[in-house]
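I opened this model to look up a few local features and wrote down what I found.

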Amino acid sequence: MKKETSPQSFDRIVREVFAPIYPVIAGQIIAKSGIVSGKCLDVGCGTGALGRAIAKITDLEITFFDRSEEMLELAKGYANDENIANRCDFLQGDIHSIGLPSGSMDIVISRGSSPFWDDWRQAYSEIIRILKKGGMAYIGGGFGNAELREQITRTMTQNNPDWRKSFKDKVVAEREALPDILRSLKPSHFEIINDDSGFWSVITK
Ligand SMILES: C[S@@+](CC[C@H](N)C(=O)[O-])C[C@H]1O[C@@H](n2cnc3c(N)ncnc32)[C@H](O)[C@@H]1O
């Protein structure tokens, strides 16, 4: 998200354009991880669309984590409206120093946030630190499938031909840097998914 994109504009884009991708991505995450109970952290949750989609298909307790208080307020409002607030927590903070104990999460998810992180090694190291042994992280970006990607790209480009300009270079840089970073952090296992669902790193502690 560009610095000048307000939480309110982002919220509108999520509701009007991106909405169909979250249930698709949530299904892919759960199919891959098989983790349906315990604790889940949605990093850079924005308005919480991915974490909320995960909550609806699992028994997971979701902690919504973002550096923006305004985003967290929006996420909280939706969690109340959708009657999932009893399984939701909201934590403000920065990915580079997550205020949670080591080994406290069964699964960490994040979509569309990592290109905005300043230090990927530190950020991924924090994600691995807070995972339980055997827990999984599913971090990256994408639109779920080719049809949704094409439809959303068309709509976003019609509205603003430069919509990707502010983060495109960071996306490319992260993709190049990630394999070496993950190797150096030595999780039990990691794989990179780069297909129609998007670009995701799947890390098992
Ligand atoms: C493009 S939005 C994606 C929101 C949501 N995950 C989605 O897919 O709809 C990126 C989010 O990452 C958050 N973010 C960026 N850098 C962060 C950091 N260093 N620590 C925590 N959150 C961060 C922003 O505040 C923003 O809400």
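The entries below cover one glycine, the ligand shell and some strand pairing.

Entry 1. I note at the start that the model is predicted.

Entry 2. I looked up where Gly 44 sits. I found Gly 44 in the loop that runs between β1 (39–43) and α3 (49–57).

Entry 3. Is Gly 44 buried or exposed? I counted 24 other C-beta atoms within 10 Å of Gly 44. The cut-off for buried is 20 or more, so I put Gly 44 down as buried.

Entry 4. I then listed the contacts of Gly 44, leaving aside neighbours within four places in sequence, and got Asp 66, Ile 95, Ser 110 and Ser 113. I also checked Met 71, which is 27 residues from Gly 44 along the chain; their C-alpha atoms are 9.1 Å apart.

Entry 5. I turned to the ligand. I found 18 residues around the ligand, and those that come nearest are Gly 44, Gly 46, Ile 95, Gly 112 and Ser 113. Ile 95 and Ser 113 are also among the contacts of Gly 44. I sorted the shell by residue class and got nine nonpolar, five polar and four charged.

Entry 6. Which strands does β7 pair with? I found β7 (residues 198–204) antiparallel to β5 (residues 131–141), with six bridges. In this pairing Gly 140 stands opposite Trp 200.

Entry 7. I found β7 antiparallel to β6 (residues 189–195) as well, with seven bridges. Here Phe 190 faces Ile 203 of β7. The link from β6 to β7 is a hairpin through two residues.

Methods
Residues numbered from 1 in each chain as written. Predicted model: local features only at pLDDT ≥ 70, side-chain atom pairs only at ≥ 80, totals over all residues. Helix = DSSP H or I, 4+ residues; strand = E, 2+ residues; numbered from the N terminus. Buried ≥ 20, exposed ≤ 12 C-beta atoms within 10 Å, placed from the backbone. Contact = placed C-beta atoms within 7 Å. Pairing = 2+ DSSP bridges. Near = placed C-beta within 6 Å. Nonpolar A, V, L, I, M, F, W, Y, C, P; charged D, E, K, R; others polar.
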